[in-house]
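Subject: Structure handover and findings

Dear colleague,

Please find the structure below for your review. My notes on its pockets and on one group of strands follow.

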Amino acid sequence: MLTVEENNLLCRVEEDAPMGQLMRKHWIPICLTEEVSEPDCDPVKARVLGEDLVVFRDTDGRVGVMDEYCPHRRVSLVYGRNEECGLRCLYHGWKMDVEGTVIEMVSEPAASTMADKVKHKAYKVQEWGGMVWAFMGPQDAIPEFTPPPWAPTQDAKVSIAKVLVPCNWAQILEGAIDSAHSSSLHSSDFVPARVGGAQATEKNWLRPSTDKAPRMQVHKTSYGFRYAAIRRPITNAAKTDYIRSTVFVAPNTVLIPPNNLYNVANVNVPMDDTNTAFYFIAWGERATTPDTETWRKFLGTSVGKDLDERYRPFRNEENRFWQDRQAMKAGNFTGIKGFPNQDIAMWVTMGPIADRSNDRLGASDLAVVEFRKQMLDAVLAFKDGAPAIGTGDQRIPAQVCAFQAIVPKEIDWRNFDAKPVGRQTEDTPELETNYQTTA
C-alpha cells in the first residue's frame with residue numbers, strides 16, 4: 001500500500017510536480033510520425049505532461065513541436081494555416097517556424113521590430129522509430145538523443161498501436177510489468193500449448209505453461225529493473241523452468257517478453273494526471289514483424305473501427321468495452337476482443353488515478369511493489385538534486401532485452417544469454433483473434 005501523499009508523488013505530472021519534471025529530463029514521444037506524415041499537413045494537437053502542444057511538418061519536411069497557443073492572444077494554433085515553412089495563426093496572421101521564431105506579424109506596421117522581441121515556445125525534435133520525439137526539459141541543456149531499446153537501428157521494423165486512455169500513466173505501466181495477470185485476463189489469447197517457447201500463430205500467442213501462479217524474482221538496475229516470472233513448463237517440469245523476463249526502463253517504458261517472430265514493447269506517455277497516450281509496439285526483422293495495420297487488427301486497435309481518428313477508443317465504461325457475454329459462455333474468458341482492450345478495461349475501471357492506499361498486494365505483485373518503491377525513491381532523490389533515473393551513464397545498456405525461454409533449473413535467468421528476436425522466415429502468419437465481437 002502507498003499513502004495518499006506517496007500516490008500523488010508517483011502519479012501526478014502536471015506543472016511543477018516532481019515526477020513530471022523528472023520525465024522532462026528524458027526525450028519523450030509526442031505523437032506518431034503518421035500523424036504528420038506530409039509537408040504542410042494539418043497541424044496536430046498533442047497533450048504531454050499537462051502541456052498543450054501543436055505538431056506540424058513544414059514545407060521543407062521539418063517537424064515542429066510548439067506551445068499550442070499563439071504568443072499574441074493565446075488562440076489555438078491547431079486551427080492555423082501550415083504553409084510556406086511556418087504555422088500561421090488565423091486570428092491576426094502571426095506566423096512561427098518550427099523553432100518558434102516569429103517570421104511574420106502581418107497585423108503590425110511594416111517598420112515594427114516587435115517580431116525580434118517575441119520567441120514562441122518550441123522544443124527540440126527528433127524523429128525515430130515511427131514517432132516524433134521532443135525534449136521538454138531546459139532547452140539549454142539538451143542531451144543527445146539515444147535510440148530506444150525497441151528501435152535500436154533505423155532499419156528495424158516498428159509497428160505501433162496508439163490508444164488514448166482516460167487514466168493515469170502509472171496504473172497502465174503497472175499492468176505492463178504484471179506478468180501474473182496474463183494467465184487469467186489474457187488466457188483466451190495466451191493459450192497453453194506443448195511448444196518449445198512462446199509462439200505467434202494465426203489466431204493466438206501460445207505459451208508452454210499452464211501455471212497461473214508464477215514465482216517472481218527482481219534484479220534492480222540503474223535504469224529500472226529486470227524481473228522474471230518463473231512458471232512450470234508443460235513438459236519436463238522436473239528439470240526445467242519456463243522464464244518470462246520483463247524489463248522496466250524508467251520512467252515509462254516496458255520491454256515485454258517476445259514471441260518467436262518479433263519483440264514487444266510498451267511506452268506510456270502521461271498526457272496529464274488522468275490521461276495517457278498508450279503505445280503498444282511490435283518490432284524486429286521485416287520478414288517476421290507484422291505491418292502496422294495487421295498489428296492493429298490483431299490487437300483490436302484499428303483506427304476507424306476500434307478508435308476514432310484521434311486514437312480515442314470507442315470501447316468505454318458506458319458500453320462495457322463491447323464485452324460479449326455470449327462469447328464468454330462459449331469459453332472466451334473476458335468477452336473483450338484484443339488483449340490491450342482487456343487491459344484498458346481493467347485500468348480504466350480503477351478510476352482516473354488508482355487509490356493505492358487500499359491495495360492488498362501478494363507475492364505475484366513483486367514487480368509492482370518494486371516499481372512503486374524504485375520510482376518513489378528516484379523522484380525523491382531527483383528533488384534533492386540527483387540526476388533523473390535512467391539518464392546519462394545510468395541509461396539502459398544496448399544489450400539488455402526482454403526474453404522468454406525454457407531453461408534448465410540450474411541456470412540463473414539473470415545470466416541467461418538473451419538476444420532480441422531476429423530470425424528470418426519466409427512466411428509471416430496473418431495475426432487475428434480467435435473470435436469476433438461487435439458493438
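Strands, as named here, are DSSP runs (E, at least two residues), numbered from the N terminus. The model is predicted, so local features need pLDDT of at least 70 and side-chain atom pairs count only at pLDDT 80 or more, while totals for chains, interfaces and linings use all residues. Residues are numbered from 1 along each chain as its sequence is written, and side-chain values use heavy atoms, with hydrogens and water left out.

Pockets

A pocket is an open set of points on a 1 Å grid over the protein atoms alone, where a 1.4 Å probe fits and protein lies on both sides within 12 Å along at least five of seven lines; lining residues have an atom within 4 Å of a point. Grid points are joined across faces, edges and corners, and the volume is the space filled by probe spheres set on the points.

The largest pocket holds about 900 Å³ of space. It is lined by 45 residues, and Thr-146, Pro-147, Pro-148, Pro-149 and Ile-396 are the closest to its centre. At least two lining residues come from each of strand 1 (27–32), strand 10 (131–135), strand 18 (253–256) and strand 19 (263–272). Strand 19 gives the largest share, four residues. By class, this lining has 33 nonpolar, nine polar and three charged residues. Here Ala, Val, Leu, Ile, Met, Phe, Trp, Tyr, Cys and Pro count as nonpolar, Asp, Glu, Lys and Arg as charged, and the others, Gly among them, as polar.

The volume of the second largest pocket is about 750 Å³. Among its 29 lining residues, Glu-35, Val-44, Lys-45, Ala-46 and Arg-310 are the closest to the centre. Strand 1, strand 2 (44–48), strand 11 (157–165), strand 19 and strand 20 (275–284) each supply at least two residues of this lining, and strand 2 makes the largest contribution, with five. The lining of the second largest pocket comprises 17 nonpolar, two polar and 10 charged residues.

Strands pair if DSSP finds at least two bridges between them. Strand 3 (residues 51–57) runs antiparallel to strand 4 and is joined to it by five bridges, with Arg-57 opposite Val-63. The two strands form a hairpin with five residues between them, and Gly-61 in the turn has a positive phi of about 90 degrees. Strand 4 also pairs with strand 9 (residues 122–128), antiparallel over two bridges; there, Val-65 has Tyr-123 as its bridge partner.
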